[in-house]
Amino acid sequence: MTSPSVTTTKPQAAAAPAVPLAFSTPAHDAGLLLLRLVLGLTMAGHGTQKLFGWFGGGGLSGTGQFFTASGYPAGDAMAVVAGLTETLGGLGLALGLLTPLAGAAVVGTMINAIAVHGAGAFFAPKGIEYELLLTVAAAAVALTGPGTYAVDRFLPVVRAHRLAHGLLAVALAVVIAGALLLVRN
């Protein structure tokens with residue numbers, strides 16, 4: 001007599017732990033915080049130069065004249081837009097508040113700054129190295145996310161940063177910057 005065949009199943013190995021979607025360590029988050037603070041406060045300072053004439057800036061009148069001389073229509077309105085974009089985008093980056101949009105605000109503004117400054121050289125004093133560095137740093141933060149030490153951590157929409165948010169925001173910045181450059185004489 002033969003015994004019925006018994007099928008035994010081997011216990012399945014435990015599944016490998018899921019790889020975290022975001023790389024986050026205290027060092028990584030501290031580095032992002034430092035980058036956001038310096039970049040954001042630098043841009044906010046530039047914006048207050050345009051809006052209020054602080055830190056040796058031209059204020060709305062002087063900045064408006066500059067925009068008019070640079071070929072933008074409605075120079076005074078452009079001064080307000082640039083000043084608010086730099087100030088609010090910079091503060092947003094520093095705080096880590098709506099980081100993809102804050103980074104995009106800086107990217108769009110700096111694309112126009114590069115166009116106005118011209119690409120005749122890379123290094124200072126006539127080059128675009130400073131403007132390019134600010135542009136790329138803002139895009140990098142928009143794509144990477146603000147890290148743990150940010151206000152975004154408390155906002156449900158951007159709590160879990162997604163690359164798609166950063167890509168869409170940077171693409172929007174490029175489109176809007178391009179549209180502004182098209183109206184420039």
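Colleague: What share of the accessible surface of the protein chain belongs to carbon and sulfur atoms?
Modeller: Bear in mind that this is a predicted model, so every value here is computed from predicted coordinates. The accessible surface of the protein chain comes to about 11100 Å², and the part of this surface that belongs to carbon and sulfur atoms is 73%.

Colleague: Which residues does Leu39 touch, leaving aside residues up to four places away in sequence?
Modeller: Leu39 is one of the residues that touch the most other members of the largest nonpolar core. With residues up to four places away in sequence not counted, the contacts of Leu39 are Leu93, Leu134, Ala137 and Ala138.

Colleague: Is Lys50 buried or exposed?
Modeller: Lys50 lies in helix 1 (residues 26-52), and it touches Gly59, Leu60, Thr63, Ala79, Ala82, Gly83 and Glu86 when residues up to four places away in sequence are not counted. Its relative accessibility is 17%, and a residue under 20% falls in the buried class. Because of that value, Lys50 counts as buried.

Colleague: Which residues lie nearest the centre of the largest pocket?
Modeller: The largest pocket has a volume of about 780 Å³, and its lining takes two or more residues from each of helix 1, helix 2 (59-69), helix 3 (75-95), helix 4, helix 5 and helix 6. Of the 35 residues in this lining, those nearest the centre are Lys50, Ala82, Glu86, Thr109 and Ala113.

Colleague: How many charged residues does the lining of the largest pocket have?
Modeller: Helix 4 gives the most to this lining, with 10 residues. Sorted by class, the lining of the largest pocket has 21 nonpolar and 11 polar residues, while the number of charged residues is three.

Methods
Residues numbered from 1 in each chain as written. Predicted model: local features only at pLDDT ≥ 70, side-chain atom pairs only at ≥ 80, totals over all residues. Heavy atoms only, no water. Helix = DSSP H or I, 4+ residues; strand = E, 2+ residues; numbered from the N terminus. Buried < 20%, exposed > 50% of the residue type's maximum accessible area, 1.4 Å probe, protein only. Contact = heavy atoms within 4.5 Å. Core = buried A, V, L, I, M, F, W, Y, C linked by side-chain atoms within 4.5 Å. Areas by Shrake-Rupley, 256 points an atom, 1.4 Å probe, with all protein chains shown as cover. 1 Å grid on protein atoms, 1.4 Å probe; cavity = no way out; pocket = protein on both sides within 12 Å on 5 of 7 lines; lining within 4 Å. Points joined across faces, edges and corners; volume = space filled by probe spheres on them. Nonpolar A, V, L, I, M, F, W, Y, C, P; charged D, E, K, R; others polar.
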